[in-house]
Amino acid sequence: AARKQELTARITELLKAKNAVLIAHYYTDHEIQALAESTGGFIGDSLEMAKFGKQHQAQTLIIAGVRFMGETAKILSPEKHVLMPTLQAECSLDLSCPIKEFSAFCDEHPDHTVVVYANTSAAVKARADWVVTSSIALEVVEHLDAEGKKILWAPDRHLGAYIEKKTGAKMLRWQGACIVHDEFKAKALARLKAEHPDAAILVHPESPAAVIDMADAVGSTTQLIKAAQQLPQKTLIVATDRGIFYKMQQACPDKVMIEAPTGGDGATCRSCAHCPWMAMNGLEAIYAALSEQADAHEIKVEESTRLKALIPLNRMLDFAA
Ligand code: 13P
Ligand code: SF4
């Protein structure tokens, strides 16, 4: 505990001294989110993190999240230093979609509009016509479908299937998955719901279709927190990374929150519904990013890739505005 206090104090000083701001995703550990709050930083979903970093005056952005979030920040703010607590924080969706194979897939379907999830590398974004996050995917695809566009979607198969179902658009779909959300189990969830018949079920759309089908609310992390506040139910069963409980509980202190089951027997597997890459963003790693040579932590995106990736990213931001 003493070490934690010391690190928190040092990080707070260094953020100030270096004109840096801490931007954290909801899936980081609760103490990291608390640190972002106490230092005037930000916690949000992946779209909000990107927007916040772009408009903030700080010269250095510390992105506590996973690599694609750091890259997105750099693409939008090339003049800033974008540091990550560790450059090893990956995302299984990003890893499932290597640029070479993805580019070949796109080349096979030149008549398709390429829509990629934000959980992808800068190179994959550079190959896309549109980037979307889970908070805006439905609206963008609805818009493209209404224009009669043929759509190629990557990489999350569950989010892709959910978008198809909701919009009626038919898309060519890449078959990637999030290793965290893919683990939620519908049968065990049904049993849990039977034990709590008055509970509402909240689900992130990276979860399997059978889990989404049981949801009272489906959406991005921020959308789920809003739903938690708005739904009348006092008990909430939540199918997303457990990092979200920090802000969700703050938003509705009177509600009871239960983690959705990731094990078939109905027991919640505490180590499963937490992204291992998000968990790498500890206090020591944040301190290292601020105190070591920046090189070991700095996100770099090659300029020609950055300029290409900026086009579909700006399309999304303009669409969202
Ligand atoms: P959000 O855009 O909902 O924050 O999701 C990002 C993510 O990585 C979900 O697993
Ligand atoms: Fe990627 Fe899933 Fe981790 Fe989100 S929770 S960063 S989608 S692996």
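Reader: In which hand does α3 pass α4 in this predicted model?

Author: The crossing of α3 with α4 is right-handed. The model is predicted.

Reader: What makes the crossing right-handed?

Author: A crossing gets that name if the near helix is turned clockwise from the far one by less than a right angle. The axes of α3 (residues 46-55) and α4 (residues 67-76) cross at roughly 35°. They come within 9 Å.

Reader: Which residues of α3 and α4 meet?

Author: On the α3 side they are Ser46, Met49, Ala50, Gly53 and Lys54. On the α4 side they are Met69, Thr72, Ala73 and Leu76. By class, this contact has five nonpolar, three polar and one charged.

Reader: Why is α8 called oblique to α9?

Author: The axes of α8 (residues 137-146) and α9 (residues 157-167) cross at roughly 55°. That angle makes α8 oblique to α9. Angles under 35 degrees would count as roughly parallel, and 65 to 115 as roughly perpendicular. The axes come within 10 Å, and this crossing is right-handed.

Reader: What meets what between α8 and α9?

Author: Ala137, Leu138, Val141, Glu142 and Asp145 in α8 face Leu159, Ile163, Lys166 and Thr167 in α9. The classes are five nonpolar, one polar and three charged.

Reader: How do you know that ligand 1 lies between domain 2 and domain 3?

Author: Both domain 2 (93-173) and domain 3 (181-259) give residues to its shell, so ligand 1 lies between them. The shell consists of Asp45, Ser46, Asn119, Thr133, Ser134, Ser135, Cys178, Glu206, Ser220 and Thr221.

Reader: What are the classes in the shell of ligand 1?

Author: Seven polar residues, two charged and one nonpolar. Cys counts as nonpolar, and Cys178 is in the shell.

Reader: Which residues come nearest to ligand 2?

Author: Cys91, Ser92, Cys178, Val180 and Cys275, of the 14 around ligand 2. Its shell has ten nonpolar, two polar and two charged residues.

Note on methods: Residues numbered from 1 in each chain as written. Chains lettered and ligands numbered in written order. Predicted model: local features only at pLDDT ≥ 70, side-chain atom pairs only at ≥ 80, totals over all residues. Axes fitted to C-alpha atoms, helices over the stretch in contact; angles between N-to-C directions. Helix = DSSP H or I, 4+ residues; strand = E, 2+ residues; numbered from the N terminus. Parallel < 35°, antiparallel > 145°, perpendicular 65-115°, else oblique. Contact = placed C-beta atoms within 7 Å. Near = placed C-beta within 6 Å. Domains from an automatic or database assignment.
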